[in-house]
Amino acid sequence: MSDVLSSPIQYAKGVGPKLAKILSKKGISTFEDALYFLPRDYEDRRQLTPLVNLRAGTFAVIFGKVTHVKPQRIGRRHRLEVTLADTTGEIHLFWFHAYAALLDEFELGQNVVAAGDVRQVGRGLQIAHPDFEKVTELKNGNPVISLNFGRVVPIYSETEGLHQKTLRKVMREALVASLPHLRESLPSSLLQELKLPSLRQSFTQIHFPETVPGQEGNDQALQRIIFEEFFILEIGLGLRKQKHQRERAPVLSAGSSQLDAFIESLPFTLTPDQQQVLQVIKKDLSQGQSMCRLVQGDVGSGKTVVTLGAAVLASGSGYQTALMAPTELLAQQHHRTAQAFLKVQGIPILLLTQSQEGKQETLRKLQESENAIVIGTHALFQEGVQFKNLGLVIVDEQHRFGVEQRAQLLRKGPGGTPHLLMTTATPIPRTLALTLYGDLDLSIIRQKPAGRKPIRTRIIRDRQRPQLYKTIEEVVRKGQQVYIIYPLVEESEKMDLKSATEMYQKLSQEVFPHLKVALVHGRLKGEVKDQILAEFKDKKWDILVSTTVIEVGIDVPNATLMVIEHPERLGLSQLHQLRGRVGRGAESSECLLVADQYVTERLRIMTKTEDGFVIAEEDLRIRGPGEFLGTRQSGLPGFRVGNILKDAVLLEKAKEEAEKLLRKDPDLKMPEHGVIRSLVESRWKQKIERLRGG
Ligand code: ADP
Ligand code: MG
């Protein structure tokens with residue numbers, strides 16, 4: 001990047017330390033920041049209106065001579081009225097609060113241009129607090145064009161102590177100083193094809209356009225800036241994808257008959273989606289280049305068997321598989337499932353967790369049996385764990401792991417990098433998938449296994465609590481179990497934990513003294529928590545009061561009622577995840593959302609659909625990408641201008657064009673792609689890492 005663009009805005013003419021500080025509040029620290037500080041609106045000040053033609057209730061730009069100046073003092077405040085006249089009529093400019101300097105500003109006979117909304121006051125017309133400029137130079141009797149008049153002027157979002165006129169001056173300075181140093185990033189052939197203006201034209205048109213952008217069908221400049229942002233991201237993702245694909249990986253193609261036998265032995269038939277995803281994985285694994293695939297599927301869509309199928313393929317080819325789960329409990333659960341489903345295959349199945357006894361034994365076996373499947377937590381990838389020949393790494397619920405943890409998994413083995421298969425139960429809307437996961441291959445399991453009972457979801461009010469307690473009682477009497485979720489808010493976690501505990505006490509001592517009620521929350525030690533969850537699964541408890549710690553993967557088919565307190569505290573996707581804890585058995589299940597006061601539209605969608613993708617799209621639309629991803633930032637960090645929801649079409653286009661360009665020049669070696677390469681390096685790399693870290 002050029003020096004000018006990255007130099008502090010304080011170096012701009014007319015910007016002192018004080019102004020620089022105010023600008024920094026607006027996110028403008030460098031010249032480049034200024035370029036990207038886009039107007040929020042424009043005002044068309046090209047046409048002067050003769051004073052006789054002025055109409056109340058319209059916006060007008062006027063020009064006249066000062067004929068009267070009337071300052072007035074009211075208490076400690078000054079008012080000012082200035083009368084302007086042209087050959088056709090007159091108008092009053094009016095300030096309710098006139099600052100001292102303004103009082104000396106106007107002299108009789110002075111030429112002035114002004115803009116503002118015209119109002120009727122008494123029998124005359126007035127503009128209150130106009131934007132104005134004294135005119136010193138005339139051309140054919142009209143004022144010459146200035147920064148603020150005689151053109152389409154940009155309106156920026158303001159901050160206290162920062163006026164439009166000042167901002168315009170700063171922007172003009174920044175633009176003039178930067179333009180010669182801006183390097184065009186997009187190849188001219190691409191610009192031509194997409195009918196987009198150059199970078200220089202774009203910034204000029206955005207800040208000081210000749211016609212009103214958007215109104216006269218000319219927002220190409222903005223489109224260009226947004227396109228570039230997306231394009232650079234997509235190139236970055238594309239490069240990463242190539243990198244995976246170039247990694248050599250073991251060819252796992254010998255397990256086909258084992259896979260068929262495994263599928264044959266299952267107590268159910270795979271859904272078409274499950275079958276299809278398995279076929280794709282089979283192909284990936286046989287290519288000799290590293291697979292990097294993310295399988296998305298709603299809770300209960302049956303991702304586990306699919307991952308086990310992949311493990312069977314690895315095992316059949318004589319390679320080991322490591323399956324990493326986010327919690328010990330889930331690891332144990334997967335271990336049991338694997339043992340049950342893979343019994344007939346004779347594949348060694350190992351468990352490796354932090355707190356496990358007999359770890360040494362497991363570690364030894366891991367070095368001996370070359371086709372073992374080892375299931376565990378991140379303990380799998382700590383020091384001292386040696387694989388004999390790891391061919392496949394499976395990360396269950398990948399969003400629970402950080403980037404580094406995931407990277408650790410891919411240590412090279414003798415056969416090359418292991419293949420990577422990840423799953424997530426948080427469906428990722430397409431626009432997000434394009435931006436965040438563009439470097440991965442995506443598979444979707446959309447259908448649920450047949451015979452699933454729908455989960456009925458209802459919103460109930462706080463005052464219906466007696467009825468709620470009766471419902472809970474009835475469910476327990478039928479021998480089934482109940483979750484009651486009490487979400488904590490991060491900011492007031494302590495207080496909420498107190499209220500969760502109080503609620504637990506009230507329920508266990510006053511409301512249901514005759515039932516067995518347990519409490520789990522994140523502050524409990526891992527083992528204690530797992531112990532309680534295991535006991536709940538064993539039906540030792542009727543009711544489990546919990547914070548959102550049970551969100552991931554717990555499978556208790558006998559639990560058929562889910563009560564969620566304060567559902568408004570949670571995102572829709574999270575509610576959907578929680579709801580997925582019930583509806584796992586043969587009995588029909590219900591989810592009750594106990595809404596405090598008013599019910600928002602947002603919650604209502606939960607009662608209307610069980611499709612996680614629909615809910616995710618809605619969640620993304622309502623909360624925006626930052627909140628959706630849980631990064632607590634407004635918008636997707638890194639995008640200064642583009643909005644992945646509003647500009648989805650440009651995003652798709654950028655993806656397509658990025659792919660095309662990388663096919664032509666995979667390493668960005670062509671001279672015309674040099675700027676793109678350096679932009680990708682400087683702009684995106686860390687940002688993506690950071691984003692996906694959560
Ligand atoms: P998730 O996608 O949430 O990880 P699981 O893999 O835990 O879901 O599957 C949920 C339940 O559905 C498990 O008990 C599993 O055995 C069962 N299951 C998976 N596939 C099928 C299928 N095709 N038909 C019937 N049941 C299935
Ligand atoms: Mg799962």
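A: Start with leucine 308. In this predicted model, leucine 308 has a relative accessibility of 1%, so it counts as buried. The cut-off for buried is under 20%.

Leucine 308 sits in helix 11, which covers residues 303-316. What does leucine 308 touch, once neighbours within four places in sequence are set aside? The partners are Phe262, Leu323, Thr337, Ala338, Phe341 and Leu342. Helix 12 covers residues 328-341. Histidine 334 is 26 residues away from leucine 308 in sequence. In space, the two C-alpha atoms are 9.5 Å apart.

Now follow helix 12 to its contact with helix 18. Helix 18 runs over residues 526-537. The two axes come within 10 Å and cross at roughly 40 degrees. That angle makes helix 12 oblique to helix 18. On the helix 12 side, the contact uses Glu328, Leu329, Gln333 and Arg336. Helix 18 supplies Asp530, Leu533 and Lys537. By class, the residues of this contact are 4 charged, 2 nonpolar and 1 polar.

Helix 7 (residues 199-207) packs on helix 8 at an angle of about 125 degrees. Their axes lie 8 Å apart. Helix 7 is therefore oblique to helix 8. The crossing of helix 7 past helix 8 is left-handed. Helix 7 brings Leu199, Ser202, Phe203, Gln205 and Ile206 to the contact. Helix 8 brings Ala221, Leu222, Arg224, Ile225 and Glu228. Here the residues divide into 6 nonpolar, 2 polar and 2 charged.

Helix 8 also holds glutamine 242. The helix spans residues 220-246. Is the glutamine 242 side buried or exposed? Glutamine 242 has a relative accessible area of 15%, so it is buried. Beyond neighbours within four places in sequence, glutamine 242 contacts Leu662, Pro666 and Asp667. Proline 666 also takes part through its backbone. Its backbone oxygen lies 3.5 Å from a polar atom of the glutamine 242 side chain.

Setting aside neighbours within four places in sequence, its contacts are Phe94, Trp95, Phe96 and His97. One of these, phenylalanine 96, has its backbone nitrogen 3.1 Å from a polar atom of the histidine 129 side chain. Alanine 115 is 14 residues from histidine 129 in sequence. Their C-alpha atoms are 9.2 Å apart.

Step back to the whole chain. The protein has 694 residues, and 53% of them count as buried. Leucine 308 and glutamine 242 are both buried. The secondary structure comes to 23 helices and 23 strands. Along the principal axes, the C-alpha atoms fill a box of roughly 100 × 70 × 40 Å. Take the contacts between residues at least 6 apart in sequence: 73% of them join residues at least 24 apart.

How values were computed. Residues are numbered from 1 along each chain as its sequence is written. Chains are lettered from A and ligands numbered from 1 in the order in which they are written. This is a predicted model: local features need pLDDT of at least 70, side-chain atom pairs count only at pLDDT 80 or more; totals for chains, interfaces and linings use all residues. Side-chain values use heavy atoms; hydrogens and water are left out. Helices (H or I, at least four residues) and strands (E, at least two) are DSSP runs, numbered from the N terminus. Buried means under 20% relative accessible area, exposed over 50%, partly exposed in between (1.4 Å probe, protein chains only). A polar contact is a pair of N or O atoms within 3.5 Å; within protein, one must be able to donate a hydrogen and the other to accept it, and residues adjacent in sequence count only if both atoms are side-chain atoms. Contact means heavy atoms within 4.5 Å. Axes are lines fitted to C-alpha atoms, for helices over the stretch in contact, and angles run from 0 to 180 degrees between N-to-C directions. Angles under 35 degrees count as roughly parallel, over 145 as roughly antiparallel, 65 to 115 as roughly perpendicular and the rest as oblique. A crossing is left-handed if the near helix is turned anticlockwise from the far one by less than a right angle, and right-handed if clockwise. Ala, Val, Leu, Ile, Met, Phe, Trp, Tyr, Cys and Pro count as nonpolar, Asp, Glu, Lys and Arg as charged, and the others, Gly among them, as polar.
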